[in-house]
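My entries follow the structure below.

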Amino acid sequence: MSPEGKRLLNIIILGFGFMFMFTAFQTCGNIEQTVIKSFNSTEFHGSGYTSMAIIYGVFSASNLIAPSVVTVIGPQLSMFFSGLLYSAYIAMFIYPYTWSFYTASVFVGIGAAVLWTAQGNVLAINSTDSTIGRNSGIFWALLQFSLFFGNLYIYCAWHGHVHITDKDRQTVFISLTVISLVGCFLFFLIRKPDPEPVPPEASESLLQAESTESCSTAASPLSGISSQALDAFIKACKMFVTKEMLLLSISIGYTGLELTFYSGVYGTCIGAMTRFGQDAKSLIGLSGICIGIGEILGGGVFGMLNKCNRFGRNPVVLLGLITHFVAFYLIFLNIASDAPIAPEAGTDLQAFISPSFLLGLGDSCFNTQLLSIIGFMFRDNSAPAFAVFKFIQSIMAALAFFYSNYLLLHWQLLILVVTGFLGSLTFFMAEGLAESTRRESDYDSI
């Protein structure tokens, strides 16, 4: 197999591994608040929103150490062990206790930081400047198939169920745990890519650097590992305050806010609408399927468009912004304002299902272009760069899950609209910097 073929196969395996894992985890996040409201046990007092706030809060803090972990044990083992923590969180719902629920939330937050930093590293080292957009799209499309398959299962399993019984819950979460474990073991199929050809000058300096590094590592292996871990941590801190990352931080933060909305809040809103009758709970799954279709379509199409990025990334982000604004407006018109915080009895205000497809399509617009621009601008330091990306995204997601316990729907939508508008403006500025960097690189190579 050619080196390029091997890299592409690695991206596809990476995508399938994440697809299996997040078929389980995203489905879990989509239904957990509804499941918790249906618990028969009076000893359980957990909140799905609070759990997600803990996950993303710990996730954000753990991103500071994630590059060091990936540097020391490598991206493959990092993804495997992180995946086991995801599986343990899902398995906890089979026989849930309040203490195990929140403890598992903390461990998933730590695992998530390592998992996504390793994913960004694998994506970057298996891509070139010309393939980073395509590979980002392929990975994103495969990842979002998780929304389709998991929620299709929920729709079929819960169709006609007004109340979720213990047996219903246990059957679903045993299945999701097994699916998550399959994804963990797929990561072992990823192979180290062949090094790409480099110019003679760069090759000479690289050999000198490797020679120096190997000598220092041979002299003191433990010292070398500690030095690498510390170096990765310092790089992440320095990268956080670069002009490029500061410009991207608002759009990254917006993806965290809307991640919370479509993955946790919106499904709860639909499940709370008693006007949907016996179909209300199963419609959570149908909504997730529509979101997944939008994500898959967006990831595939925009990934392919990156091969001929004549107009850059800005039109795709603008499309995502307009798509989300239309979706938010329709949700504002048609979903009850108290739906995010309604009790299990539901809310009686009239509503109908809103365009979930638009939420997924808009999310894929933002995320594929952010993955592409970060992979391009920080290719030489991909692990710290993706750690900073996930740090910002997860801290905003944690904030959103926290206020979702208290704010009515129209206030949550207003926050999304303002942040999305500002994030798009700053993305356009960052894309201008990336384009000037690309032109300078092209000029230097002449």
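I looked up Phe81 and found this residue partly exposed, with a relative accessible area of 45%, where buried means under 20%, exposed over 50% and partly exposed in between (1.4 Å probe, protein chains only). The model is predicted, so I note that local features need pLDDT of at least 70 and side-chain atom pairs count only at pLDDT 80 or more, while totals for chains, interfaces and linings use all residues. Residues are numbered from 1 along each chain as its sequence is written, and side-chain values use heavy atoms, with hydrogens and water left out.

Phe81 lies in helix α4, helices being DSSP runs of H or I with at least four residues, numbered from the N terminus. I then traced the nonpolar surface patch of about 640 Å², which Phe81 makes together with Val72, Ile73, Leu77, Leu84, Leu181, Phe185 and Phe188. Patch residues have over 30% relative accessible area and no salt bridge, and nonpolar side chains are joined within 5 Å; a salt bridge is a side-chain nitrogen of Lys or Arg within 4 Å of a carboxyl oxygen of Asp or Glu. Helix α4 gives the largest share of the patch, 3 residues.

Next I searched the whole structure for disulfides (pairs of cysteine sulfur atoms within 2.5 Å) and found 0. Cys28 counts as buried at 0% relative accessibility, and Cys184 is likewise buried at 0%.

Last, I checked Ser62, which is found in helix α2 (residues 48–62) and counts as buried at 10% relative accessibility. Leaving aside neighbours within four places in sequence, Ser62 is in contact (heavy atoms within 4.5 Å) with Gly109, Ile110 and Ala113.

Methods:
Patch = residues over 30% accessible without salt bridge, like charges linked within 9 Å, V, L, I, M, F, W, Y side chains within 5 Å. Areas by Shrake-Rupley, 256 points an atom, 1.4 Å probe, with all protein chains shown as cover. Helix = DSSP H or I, 4+ residues; strand = E, 2+ residues; numbered from the N terminus.
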